[in-house]
Structures are given as C-alpha cells and as structure tokens.
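Welcome! Open your viewer, get the selection tool ready, and let's walk through this model one stop at a time.

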Amino acid sequence: MSESMLPIIEVKNIVKRFGDRAVLDGINVVIPQGKITVIMGGSGCGKTTFLRHLIGLHTPTSGEIWVDGKNIAGLKEKEMNEVRRKFGMLFQGSALFNSMTVGENVAVPLKEHTDLSAEIIRIIVRVKLELVGLTGFDDFMPHEISGGMKKRVALARAIALDPKIVFYDEPGAGLDPITASMIDRLILDLSKKLNITSVVVTHEMKSAFRIADQIIILHKGKVLQVGTPQEIQNSKNSYVQQFIQGESEGVIPFKQTSEAYLKGLLET
Amino acid sequence: MKTFAGKTGQAILFVLAGVARLSTLGATVGRYVAESFIRPRVIPRETFFHQMVMIGIESTAIISLVGASVGTVLALQAAYSLKTFGAIMYTGSLVSVAMTRELGPLIASIVICGRIGARMAAEIGTMMVQEEVDALTTMGINPIRYLVLPRCLALALMLPCLTVIADMMGMLGGFLIGITGLGINPYVYIAKSVDAMVLKDIYTGLLKSFIFSILIALVSCHQGLSVSGGADAVGKATTQAVVISIVLIIVVDCLATAVIYYALPT
C-alpha cells in the first residue's frame, strides 16, 4: 500500500464471541481514505458481522475500532450517533421504509438531522436521486419499483447527508448481472465524484475485481490476505485461489473422506 | 415436586424479566417525552399525526358500534334482575355507572388492542426483519424515539377520547332499549342516569383508559422490537402483543379498581 493512503478506519485486533464461538478472531485491518475496500469471504466467514461492527450495530468482545480518529468500540449511543452521521449504509435488502414514498425515504436523514426547510430538502432529494439515475421517481412507493431501483434509492438515502464513508452489504445480491454491474458503476462513480470511502462486503468475484482498490479476504473469522486486486489474483495461498476460481474441490473439501464421514457419524 | 418448583421459578423469572424490559422501554419513552417539552422536534410529527388519525378517527365507528351493543346488552340483562325487585327504572343508573366506570374503558381498550396493538407489533416486527430498524440506527436515529414514541403518544391521547365515545354510545344504547323494549319513561331514565353518576366515575374511567393505552403501546412495540427471524416470528409477536396486552389490561384494571374505590379515601 502506498504512503499516500491515509487510514480512515483502523481495526485493531477485534474479537467477537457469540457464546463459545468466536465469529471474529483477532482481526486487524486498515481502510484507506477515499478508496474502495472490498471485504470478501465465503458464507459464514464473519464478513457481515465484521461490517456490523464497523457501523456500531455490534460491540466487539475485545479490541478497538478507530473511525476517523475515534474509537467506536463501546461508545455511548449519543456519541455513536455523532459518528454515524459520517456514515451511510446500504443494506442487503435495501431496507427502505415501506410506508413512505421514494422521496420521503431519502428525506428521512435530512429531516431528522438538519434544520433545512421542506423546500430545500425537496431539492436535495432530487439531486441525490439524480445522482443514482432515478430522476422523477420521488412519488413512487418502494413496492412499485424493481429490486435494482430499490438498491439505488437506498444508496441515495445513504448519501443524503454527504457521508465520508459508505458501507455496502452485498450490493449485487439478488440482482441480474447487468443491474449488478450498474450498481458497481455507481459505487465507482460516487467514490470518485464525491471522494467517498467505500467499504463493500461481497462474495461476487467479478464485482470485487471491477471496483476494488484493496481487497481483504476473511476466512473463519481471521484475515487471510490483504492486497490489491492484482496481488490477490496472483496469490500463492491455495484457499484464496480456490475462492477466486470458485471451485468446489480444493483446500476446503466439498466431500469428506469416508473415514472422516464415519467418524463424524459415530461422534456423540 | 422439584420440577414443579423449578418450573414455577422459571415462570416467575420469565414474567419478571418481561416486566423489567417493559419498564426499560417505558423509561426511555418517558425520557423522550420529557425532552420533547424542551425540544418539540424530538417527536416525529408526521408519524404522530398519522397514528392519531389511524387510532382515533378510523376506530370511531367500530368503538361506537361495540359501545352501543354493550350498553344495550347491559340494559337488557340488568332489567331482568331489577324487575324482580320492581326497580326497573334504575336500569339507567346501572348502565351509566357501569359504562363510565368500567365497561367503557375496558371495551375501548380491548377493541383498540386488537385493532391497533396487533398492527403496531406486526409493523415494527416486519421492519425488524427487513433491517429497517437497523437502517434507522445506522442513520443515527433512535428507533425508540422514531417508532415507539409517536405511537405511545398517539394512543395515550386517543384512547381516552375513544373511551368517552364508548361511554356515550353505551348509554345511548341502554337508553334506546330502555324507552322502547323496557317501557321506561325517557325523562325518568335520563334523570336516574344523571343522578347516579358522579364526576369521579368519569375521570377514574378516563384515567384507567390512559393507563391501558400506555400498556397496549409499550407491550405491542416491545413485542415488535423483539422480533428476530422471519414471518413466523412476526406472527408470534403479533399474537403475543394482543394476548399479553389483554391480560395486563384486565389485571391492572382489577388493581386500579381496588385502589381507587377501596384503598383511597372517598
């Protein structure tokens, strides 16, 4: 990583346990400002849990999370809400408020956190919807638009307060390849135009290599490898190779050997 | 015996834990209500007015119907017993006192519990499932302030109003059946009704309905907020919201009546 990349998020040795199971097991990560960082890993590797720690929805069992010069691990709600104003978050299922129109959805953070008049809020909402390519959709209800459009509305809502950092949880999940690549374009665009730091959680290789400045691969709650897309592509690590090639047989076996299977069955 | 004691202990702990969680939620809402006197913006106005319309105006018809029916039934049943003492003209007194003290608040609360409590639990529960509540949190908006507070306030304002309507309609139902079916002189009916009531009957009834409204709102929102999982959990939360609210309403009604009419000096 070049020296010009200033870290905006620094995660120091966080551990999260649910009961006896350590979902995150000592993660150290640096996320540079103004870049797109993609967090990858197989299902259940803890990547969503990791993301939820970054936005303060979970508190780590131990460790520190420094966001823009503040340790958010165990921060009080009021202070946390101050930090959260620097965030935008795009949820996997969009999480639009179903009882409100598209325009009202985008206006929620503006109404709650600013003293702007209704007129100005309406203008800002239009600008944000324009940014995601949804001009003129203000009065639609969320159930009247497609899944891809919902994602874009959710993105407009996430950037309503001009955040420094936007988190994306599986932005391409449940979308067709064309719409998914459109969302990728948007992420790239926003990151460049507005100089936003983006943190993207995904397991889609294509999308990851298309947008990433830095890729972090998680495996079983640990960081397996950090690097540029190039470095990841040429990785010597066999798990990383299996992951990016998308093969079912490899270091992580799909089938167990017959002895292991028998042993597993007889275990009590 | 041992398992029985264990199970009883568990049940008691379960109930206590529930009461503790409800009190925590209630305390948080209370803090926001106090804060709203200094900063009125704390209350999300749109949701508040929307809820008031939904709870108040849209429930008027059903509350009127149920209130009138209860009043009618009460008059008919009371007349049956009073006739044996030749005291049929006291039907009006009985209906008016019973409606304002007890049945008005109770009937209004139970109807609203089914109509609004279930709706609150299902709505907030679904929002939990679809990450909308998480979205609020990440926007730095406290879900209790944004979702629970306006619902509590709207219900606390509207349920006493609906109780007045239920009281009135109940008395009207009793009056109509009294002067037609039972053949009581209208003037006598009204005079007896008014004579029997004192102001305390009305305001204790309204006070009860206010307490019930807080119970319904807190229980329903709490059930909604504790949903995790999917459609199954939402269904369970909705049922629980209604059942727990109704049980609590009746238990609290019992206690309140005992305190108001027997423990306090008259």
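Before the first stop, a definition: axes are lines fitted to C-alpha atoms, for helices over the stretch in contact, and angles run from 0 to 180 degrees between N-to-C directions. This is a predicted model, in which local features need pLDDT of at least 70 and side-chain atom pairs count only at pLDDT 80 or more, while totals for chains, interfaces and linings use all residues. Residues are numbered from 1 along each chain as its sequence is written, and chains are lettered from A and ligands numbered from 1 in the order in which they are written.

**Stop 1: two crossing helices**

Select residues 102-113 (α3) and 118-131 (α4) of chain A. Helices (H or I, at least four residues) and strands (E, at least two) are DSSP runs, numbered from the N terminus. The axes of α3(A) and α4(A) come within 9 Å and cross at roughly 120°. The two helices are therefore oblique to each other; angles under 35 degrees count as roughly parallel, over 145 as roughly antiparallel, 65 to 115 as roughly perpendicular and the rest as oblique.

Now show side chains. On α3(A), the contact is made by G103(A), V106(A), A107(A), L110(A) and K111(A); on α4(A), look for I121(A), I124(A), V125(A), K128(A) and L129(A). (Two residues are in contact if their C-beta atoms, placed from the backbone, lie within 7 Å.)

**Stop 2: the sheet**

Next, find the open sheet of 6 strands in chain A, with the order β6-β7-β8-β3-β9-β10 and mixed pairing. Two strands pair if DSSP finds at least two bridges between them. Its edges are β6 (87-90) and β10 (222-227) of chain A, each pairing on one side only. Neighbouring strands are turned by 15° against each other on average, direction ignored.

Zoom in on β6(A) and β7(A) (165-169), which pair in the parallel sense over 4 bridges. Here L90(A) has Y168(A) as its bridge partner. Helix α5 (147-158) of chain A packs on the sheet, touching β6 and β7 of chain A, and its direction makes about 170° with that of β6(A).

**Stop 3: meeting chain B**

Show both chains. How many residues of chain A are in contact with chain B? There are 15, and they touch 10 residues of chain B. Return to α3(A), which gives the most to chain A's side, with 4 residues.

**Stop 4: two domains**

Finally, colour domain 1 (7-86 + 163-235) and domain 2 (95-161) of chain A; such bounds come from an automatic or database domain assignment. Their C-alpha centres lie 24 Å apart.
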